[in-house]
Amino acid sequence: SPVMAHASNEVEEMVSHSKALVLNIGTLTDAWVSSMIRAGKRANQLHIPVVLDPVGSGATSFRTASVKKILSTVSVGILRGNPSEILSLSDRDFTTKGVDSIHCVEETLDMATTLAEELKVTLAVTGPVDLITDGKKAVRVHNGHPLMGRVTGTGCTATALIAAFAAVDDDPVGAAAIALSVFGIAGEVAGSKFQAPGSFMIGLLDALYEMTPEMIRAQSRISEG
């Protein structure tokens with residue numbers, strides 16, 4: 001039962017009703033960052049998993065600084081972003097163009113491993129092949145469809161799905177991997193029926209609704225290393 005809240009006078013109470021918290025910086029103001037930190041700290045107190053989506057990090061200094069501020073004050077379990085968003089959080093000089101990545105997942109492998117260890121967070125780097133690492137182990141998810149990158153909001157949807165799995169799985173690497181595999185399978189199902197972004201988007205939602213454990217076991221493509 002997802003709900004969105006950003007008012008500082010309700011976020012802590014809202015978090016107390018949740019099983020997982022998503023912090024998404026898609027629409028950002030100083031007040032919203034403060035609310036995210038309040039919500040994140042409350043989730044930490046209640047041992048509720050926190051998933052952070054650094055939307056557009058690297059596009060502006062404000063976004064990048066906001067993500068780093070959240071990471072320095074809140075214990076984030078999983079950080080889900082595209083390669084450019086993830087690379088923007090390192091000390092090296094990387095740029096991005098809004099929510100679209102100009103880097104590939106493989107470019108982030110070494111940096112993601114180092115960042116995950118430094119930040120003590122599980123990184124889920126999404127692209128044609130998704131990479132999940134906690135700095136000690138790395139997992140790749142090979143499910144998905146090219147049209148997923150043509151629909152606005154699929155990244156944020158992936159983050160929300162990861163949070164749903166993190167709510168019932170104590171292993172953040174496993175939760176992120178299975179969530180992204182399920183999302184990728186839904187994309188494959190939708191792509192087998194529709195060839196344009198508008199109809200594909202509806203098909204993607206339908207495929208998620210119609211997903212079964214049997215489909216996941218048969219079609220999931222996850223590899224380690």
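Begin by selecting Ile25, Leu52, Ile70, Leu79 and Leu123, which touch the most other members among the 33 residues of the largest nonpolar core. A nonpolar core here is a set of buried Ala, Val, Leu, Ile, Met, Phe, Trp, Tyr and Cys residues joined through side-chain atoms within 4.5 Å, and buried means under 20% relative accessible area, exposed over 50% and partly exposed in between, with a 1.4 Å probe and protein chains only. The model is a predicted one, in which local features need pLDDT of at least 70 and side-chain atom pairs count only at pLDDT 80 or more, while totals for chains, interfaces and linings use all residues. Residues are numbered from 1 along each chain as its sequence is written, and side-chain values use heavy atoms, with hydrogens and water left out.

Now colour the elements that give two or more residues to this core, namely α1 (11-15), β1 (21-24), α2 (30-45), β2 (50-53), α3 (61-73), α4 (83-87), α5 (109-119) and β4 (122-125); helices (H or I, at least four residues) and strands (E, at least two) are DSSP runs, numbered from the N terminus. Of these, α2 gives the most to the core, with 5 residues. In soluble globular proteins, nonpolar side chains tend to be buried together.

Select isoleucine 70 next and display its contacts, a contact being heavy atoms within 4.5 Å. Leaving out residues up to four places away in sequence, isoleucine 70 touches Leu23, Ile25, Val33, Met36, Ile37 and Leu52.

**The parallel strands**

Move to β2, where Val50 and Leu52 point one way and Val51 and Asp53 the other way, all of them buried. Two strands are said to pair if DSSP finds at least two bridges between them, and β1 and β2 pair in the parallel sense over 4 bridges. Follow the chain from β1 through α2 to β2, and the β-α-β crossover is right-handed, a term meaning that, with the strands pointing away from the viewer, the path from the first strand over the helix to the second runs clockwise.

On to strand β3 (residues 78-81), which runs parallel to β2 and is joined to it by 2 bridges. Here leucine 52 stands opposite leucine 79. The path from β2 through α3 to β3 forms a β-α-β crossover that is right-handed.

**The antiparallel strands**

Next select strand β5 (residues 130-133), from which Asp130 and Ile132 point one way and Leu131 and Thr133 the other way, with all four buried. The strands β4 and β5 pair in the antiparallel sense over 3 bridges, and a hairpin joins β4 to β5 through 4 residues. Alanine 124 has isoleucine 132 of β5 as its bridge partner.

Strand β6 (residues 138-141) runs antiparallel to β5, and 4 bridges join the two. Leucine 131 stands opposite arginine 140 in β6, and in the hairpin of β5 and β6, with 4 residues between the strands, glycine 135 takes a positive phi near 95°.

Select histidine 47 in the loop between α2 and β2, where its phi is near 60°, a positive value in a residue other than glycine. Histidine 47 counts as exposed because its relative accessible area is 72%. Lysine 120, in the loop between α5 and β4, likewise is not a glycine and has a positive phi of about 55°; its relative accessible area is 71%, so lysine 120 is exposed.

Then turn to serine 181 in helix α7 (residues 172-191), which counts as buried because its relative accessibility is 1%. Not counting residues up to four places away in sequence, serine 181 touches Val141, Asn143, Ser220, Arg221 and Ile222.

**The largest pocket**

Finish with Pro2, Val3, Met4, Ala5 and Val22, which are the closest to the centre of the largest pocket among the 29 residues that line it. A pocket, on a 1 Å grid over the protein atoms alone, is an open set of points where a 1.4 Å probe fits, with protein on both sides within 12 Å along at least five of seven lines, and lining residues have an atom within 4 Å of a point. About 1,200 Å³ of space lies in the largest pocket, where volume is the space filled by probe spheres set on the points, and grid points are joined across faces, edges and corners. The elements α1, β1, α2 and α6 (154-166) give two or more residues to the lining, and α6 gives the most, with 5 residues.
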